[in-house]
Amino acid sequence: MYYVEALEPMVGFLRSIGIGVEYGEGAKEGFLPGVNIHAGVIHVDPDTLVGSGDVLHEAGHIAVVPRAYWPRLNRDLQGDARAQVAAAEQAGDPAAVHLRRAAESGELMAQAWSYAAALHLGYSPACVFFPGSYYHEPYEGDHPTHVWLDSGTHFGPVMLAQAGITGFSGIVGAAWNNGLPPFPQMSRWTVD
């Protein structure tokens with residue numbers, strides 16, 4: 001596993017912000033090897049997990065969905081968020097805006113969120129963006145997604161700033177200011 005030493009601190013961090021993490025059989029047949037989601041709880045099998053950062057990435061998908069909807073999140077996080085949007089909008093639920101954002105941009109938000117979380121925990125973004133992750137291989141130097149985030153041109157931080165959990169940064173930071181510290185600093189780790 002890439003960055004095995006980071007797994008326990010990551011799990012502790014996720015639990016501290018309210019994201020459930022369990023070890024065991026529930027991790028089987030997940031979207032990524034060694035990690036799966038059941039009713040908003042991350043299930044991990046350290047023996048089959050490719051990289052500890054995959055746990056942060058999956059947590060990023062959960063963190064950008066309002067907490068009331070976490071129990072409805074399973075293996076297909078984006079699909080589950082999409083399934084909740086229409087009902088939330090029809091009901092006039094103010095959380096609908098966050099659900100729509102997570103359904104439409106959840107992957108990019110999770111990439112940016114996990115990058116910020118890795119830095120917050122004192123780990124290199126390489127623990128999230130390791131060889132073979134995000135369908136990038138081969139490459140020289142830093143992972144392409146890491147470079148994209150470092151350069152300020154990745155769209156995920158913009159969506160996180162629109163959700164109110166970080167400030168605008170990069171090329172967008174010159175035009176918009178929501179009063180929060182710029183990405184990758186986070187004012188909070190979940191949308192609510």
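# Close-up views of a predicted model

**View 1. The largest nonpolar core.** Of its 53 residues, L14, I19, I42, W113 and L160 touch the most other members. A nonpolar core is a set of buried Ala, Val, Leu, Ile, Met, Phe, Trp, Tyr and Cys residues joined through side-chain atoms within 4.5 Å. Buried means under 20% relative accessible area, exposed means over 50%, and partly exposed lies in between (1.4 Å probe, protein chains only). At least two core residues come from each of α1 (7–16), β2, β3, α2 (53–63), α3 (77–90), α4 (96–120) and α6 (156–162). Helix α4 gives the most, with eleven residues. Helices (H or I, at least four residues) and strands (E, at least two) are DSSP runs, numbered from the N terminus. In soluble globular proteins, nonpolar side chains tend to be buried together.

The model is predicted: local features need pLDDT of at least 70, side-chain atom pairs count only at pLDDT 80 or more, and totals for chains, interfaces and linings use all residues. Residues are numbered from 1 along each chain as its sequence is written, and side-chain values use heavy atoms, with hydrogens and water left out.

**View 2. Surroundings of I42.** Contact means heavy atoms within 4.5 Å. Residues up to four places away in sequence are not counted here.

**View 3. The three-stranded sheet.** The sheet is open, with strand order β1-β3-β2 and mixed pairing. Strands β1 (21–23) and β2 stand at the edges, each with a single partner strand, so one side of each has no neighbour in the sheet. From one strand to the next, the twist averages 30°. β1 and β3 pair in the parallel sense over three bridges. Two strands pair if DSSP finds at least two bridges between them. In this pairing, Y23 stands opposite V44 in β3. Helix α1 packs on the sheet and touches β1 and β3; its direction makes about 140° with that of β1. Axes are lines fitted to C-alpha atoms, for helices over the stretch in contact, and angles run from 0 to 180 degrees between N-to-C directions. Helix α2 lies across β2 and β3, and runs at about 165° to β3.

**View 4. The β2–β3 hairpin.** Strand β2 (residues 35–38) pairs with strand β3 (residues 41–44) in the antiparallel sense, over four bridges. V35 stands opposite V44 in β3. Two residues lie between the strands of this hairpin. A39 is partly exposed, with a relative accessible area of 42%.

**View 5. Rings around Y115.** Rings of Phe, Tyr and Trp (its six-membered ring) pair if their centres lie within 6.5 Å; planes under 30 degrees apart count as stacked, over 60 as edge-to-face and the rest as tilted. By this rule there are seven aromatic pairs. The rings of Y115 and F129 have centres 6.4 Å apart and planes at 40°, so this pair is tilted. Y115 lies in helix α4, while F129 lies in the loop between α4 and α5 (144–151), 14 residues apart. Relative accessibility is 6% for Y115, which counts as buried. F129 is also buried, at 2%. The rings of Y115 and F183 have centres 5.7 Å apart and planes at 20°, so this pair is stacked. F183 is in the segment after α7 (170–173), so the pair ties together parts that are 68 residues apart in sequence. F183 is buried, as is Y115.

**View 6. An aromatic cluster.** F13, W113 and W189 form one aromatic cluster.

**View 7. Backbone exceptions.** Most residues other than glycine have a negative phi, and most peptide bonds are trans. A cis peptide bond joins F183 and P184, with omega about 15°. P184 sits in the segment after α7. E29 is not a glycine, yet its phi is positive, about 60°. E29 lies in the loop between β1 and β2. At 72% relative accessibility, E29 counts as exposed.

**View 8. S105 and its contacts.** S105 is found in helix α4. With 10% relative accessibility, S105 counts as buried. Leaving aside neighbours within four places in sequence, S105 is in contact with Q78, F155 and M159.
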